[in-house]
Amino acid sequence: MEIEVVVIGAGQAGLSAAYFLRRAGFAPETGFVVLDANAAPGGAWQHRWPSLRFGTAHRVYSLPGLPLTGADETAPVADVVAGYFAEYESTFALPVHRPVRVTAVRPAADRRLLVATSAGDWAARAVVNATGTWTRPFWPHYPGMERFRGRQLHTVDYRGAEEFAGRHVVVVGGGNSAVQLLAEISAVTTTTWVTRREPQWREGPFDEQAGRAAVALVEQAVREGRPPASVVSVTGLALTPAVAAARDRGALHRLPMFDRVTADGVSWDDGRFVRADVILWATGFRAALDHLGPLHLREPGGGIRMIGTRVAAEPRLHLVGYGPSASTIGANRAGRTAVREIVRLLGQPPAGQQDPPAPLQLAG
């Protein structure tokens with residue numbers, strides 16, 4: 001099927017791009033579609049652990065055109081965001097197809113990109129990729145992992161702290177998710193925290209100036225074709241009340257990264273050993289871009305060189321929710337920027353298309 005624009009992913013970045021495509025005059029279904037691998041609205045947020053509440057999650061920014069208001073701060077963030085995204089898709093009549101898994105994007109005839117999926121192929125004049133990172137959890141390899149007799153899990157597998165009561169948990173990772181999970185788990189059982197680098201804490205507010213400085217560092221990396229750094233490496237760890245409570249009970253005493261995993265724990269070359277029943281790998285994610293492999297976009301250093309949201313080597317492709325736009329507020333801006341560039345590339349859509357309907361207020 002031929003179409004003007006395909007958006008891959010219906011998380012924050014994908015929905016933002018879809019909104020601005022409608023605003024620019026691209027008609028749903030004939031001008032653009034959104035392909036989402038999830039079975040329901042909510043993007044990656046719908047998969048967050050139930051104990052992560054809306055009021056304690058990192059700030060969720062409203063999507064363009066429809067404020068997120070009246071949400072219960074004690075409700076699971078997964079439920080709040082899933083409901084909000086569903087309302088958003090309905091309000092603006094966005095053409096989201098799900099569940100549709102994109103398997104490959106490759107060059108096609110007539111200067112198009114062929115988007116191959118589990119539901120057929122689309123030949124698009126431009127593609128907005130908004131696949132995020134949640135489906136690509138990163139598991140580092142350490143000697144002996146395969147011999148560990150306890151349980152190993154990643155952040156994506158975590159459902160709550162209660163199941164670990166009475167078991168010693170080694171939490172590996174220096175990001176915000178690691179600290180959030182450590183704070184929860186250390187309230188019900190004993191823990192050990194292990195990181196590769198000394199944690200950098202941020203006690204003050206993350207204001208606009210700090211945000212601009214952080215984004216600039218990540219933008220520099222993607223302009224040079226380097227893999228984007230983790231968010232926490234440029235923002236620092238937030239000292240929330242829950243994390244401060246974990247610090248006060250001694251859970252934030254950090255050990256350097258161990259050298260190997262044993263059958264019943266972890267050990268260091270200096271002879272230190274910590275017994276473990278569970279190893280929780282809160283070691284982050286990588287961008288879910290395997291379906292773009294046929295386009296051969298990677299630079300020698302492993303990154304993708306970007307000009308804004310546009311891939312330098314492929315002007316028909318935009319990555320949103322990647323690098324400096326890998327945040328809820330950054331995703332909104334990236335969606336708008338990508339659509340502006342696509343309009344310049346393709347020209348204005350056919351006349352006569354209408355703007356999206358007026359936004360509704362989300363019920364609380």
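Let's start with two helices, α1 (residues 12-24) and α2 (residues 77-91), whose axes come within 11 Å and cross at roughly 15 degrees. The axes here are lines fitted to C-alpha atoms, for helices over the stretch in contact, and angles run from 0 to 180 degrees between N-to-C directions. Helices (H or I, at least four residues) and strands (E, at least two) are DSSP runs, numbered from the N terminus.

Before I go on, a word on the source: this is a predicted model, local features need pLDDT of at least 70, side-chain atom pairs count only at pLDDT 80 or more, and totals for chains, interfaces and linings use all residues. Residues are numbered from 1 along each chain as its sequence is written, and side-chain values use heavy atoms, with hydrogens and water left out.

Back to our pair. α1 and α2 are therefore roughly parallel to each other; angles under 35 degrees count as roughly parallel, over 145 as roughly antiparallel, 65 to 115 as roughly perpendicular and the rest as oblique. Their crossing is left-handed, meaning that the near helix is turned anticlockwise from the far one by less than a right angle; clockwise would be right-handed.

Which residues of α1 and α2 meet? From α1 we have Gln-12, Leu-15 and Tyr-19, and from α2 we have Phe-85, Tyr-88 and Glu-89. By class, that contact has four nonpolar, one polar and one charged residues. For the classes, Ala, Val, Leu, Ile, Met, Phe, Trp, Tyr, Cys and Pro count as nonpolar, Asp, Glu, Lys and Arg as charged, and the others, Gly among them, as polar. Contact means heavy atoms within 4.5 Å.

Let me stay with Tyr-88, in helix α2. Is Tyr-88 buried or exposed? At 0% relative accessibility, Tyr-88 counts as buried. The cut-offs are under 20% relative accessible area for buried, over 50% for exposed, and partly exposed in between (1.4 Å probe, protein chains only). Leaving aside residues up to four places away in sequence, Tyr-88 touches Leu-15, Tyr-19, Leu-63, Pro-64, Leu-66 and Leu-94. Tyr-88 and Tyr-19 are 69 residues apart along the chain, with 9.3 Å between their C-alpha atoms.

Zooming out for a moment, the chain has seven helices and 19 strands. Of its 364 residues, 50% count as buried. Take the contacts between residues at least 6 apart in sequence: 69% of them join residues at least 24 apart.

Now to the strands. Strands of a sheet pair through backbone hydrogen bonds, either parallel or antiparallel. In this model, two strands pair if DSSP finds at least two bridges between them. Strand β1 (residues 2-8) is mostly covered, with five of its seven residues buried. Six bridges join β1 to strand β6 (residues 120-129), and the two run parallel; Glu-2 stands opposite Ala-123 in β6. β1 also pairs with β2 in the parallel sense, over four bridges, and there Val-7 has Val-34 in β2 as its bridge partner.

Next comes an open sheet of five strands, in the order β7-β16-β8-β9-β12, with parallel pairing. Its edge strands are β7 (151-154) and β12 (254-256), each pairing on one side only. On average, neighbouring strands of this sheet are turned by 25 degrees against each other, direction ignored. Inside the sheet, β8 (residues 169-172) and β16 (residues 278-281) pair in the parallel sense over four bridges, and Val-169 has Val-278 in β16 as its bridge partner.

What lies across β8, β9 (191-195) and β16? That is helix α3 (residues 176-185), running at about 170 degrees to β9. Eight of the 10 residues of α3 are buried, so the helix is largely enclosed by the rest of the structure. Among the buried ones are Asn-176, Gln-180, Leu-181 and Ile-185.

The peptide bond from Arg-98 to Pro-99 is cis, with omega near -10 degrees, and Pro-99 is found in the loop between β3 (96-97) and β4 (102-107). Glu-29 is not a glycine, although it has a positive phi of about 75 degrees; it lies in the loop between α1 and β2 (32-35) and, at 38% relative accessibility, counts as partly exposed. Asp-110, also not a glycine, has a positive phi of about 60 degrees. Asp-110 is in the loop between β4 and β5 (113-117), and is exposed, with a relative accessible area of 63%.
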